[in-house]
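Let's take a look at a protein together, starting with one residue and then stepping back to the whole chain. Have the picture open while you read.

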Amino acid sequence: MKLWSDWGFSRAGWRNSQRGEYWVVAQALLIVSFVLLPVYRPVELALSPEWLYLSWAVAGALGVGAIVFFIKGILDLGNSLTPLPYPREDGQLVQTGVYAIVRHPLYSGLILAALGWTVFQFSLPHLVGALMFVLFFDAKAAREENWLMQKYPDYATYRQTVKKLIPWLY
């Protein structure tokens, strides 16, 4: 239970989501829903082996990128890691490592994983789910950034120089 309190969870927070507890619940539900989605292809694709292997390569590259962003993001955060969008009281603003490429690499990793699975499966429901990931994590990151701006004066400058979710694009 100490880990939960170190991360910033509290009974009061669960009642009113003062640190973004409801965002964590919604994120968990979104991930579980994505995993449980059925694979549906509106048209059975008859891809040549070359196109099939290319799609697997793209899916694999997205998967590797997802793993790198996710693991490197966790490692670079160190003691500042929390599942809550509200920054830890004892946390520090991390602007190095993968955080020099994208402001929210953990969210980017989850989005890349969803896109990789979607490409691998050629599944319409998973495409919609991946788009929901983008919308959800964009909104969660926006809420998180409001709190980060309040806590860290340097965040405004960092925000102008590093993209939010997709390196060099968005």
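## One serine and its neighbours

Which residues does Ser 123 touch, not counting residues up to four places away in sequence? Leaving those close-in-sequence ones aside, Ser 123 is in contact with Pro 38, Val 39, Tyr 40 and Thr 118. Keep in mind that you're looking at a predicted model.

So where does this serine sit? Ser 123 lies in the loop between α5 (105-121) and α6 (124-151). Is Ser 123 buried or exposed? Ser 123 counts as buried because its relative accessibility is 2%, and buried means under 20%.

## The overall fold

Now zoom out. The protein has 7 helices and 0 strands, so if you trace it from the N terminus, the elements read α-α-α-α-α-α-α.

How do the contacts link up the chain? Take the contacts between residues at least 6 apart in sequence: 76% of them join residues at least 24 apart.

## Inside, surface and charges

The protein has 170 residues, and 36% of them are buried. Its accessible surface comes to about 10,200 Å², with 68% of that belonging to carbon and sulfur atoms.

What about charge? There are 14 positive and 11 negative charges in the protein. The mean position of the positive ones and that of the negative ones are 6 Å apart.

How values were computed. Residues numbered from 1 in each chain as written. Predicted model: local features only at pLDDT ≥ 70, side-chain atom pairs only at ≥ 80, totals over all residues. Heavy atoms only, no water. Helix = DSSP H or I, 4+ residues; strand = E, 2+ residues; numbered from the N terminus. Buried < 20%, exposed > 50% of the residue type's maximum accessible area, 1.4 Å probe, protein only. Contact = heavy atoms within 4.5 Å. Areas by Shrake-Rupley, 256 points an atom, 1.4 Å probe, with all protein chains shown as cover. Lys, Arg positive; Asp, Glu negative; His and termini not counted. Charge placed at Lys NZ, Arg CZ, Asp CG, Glu CD.
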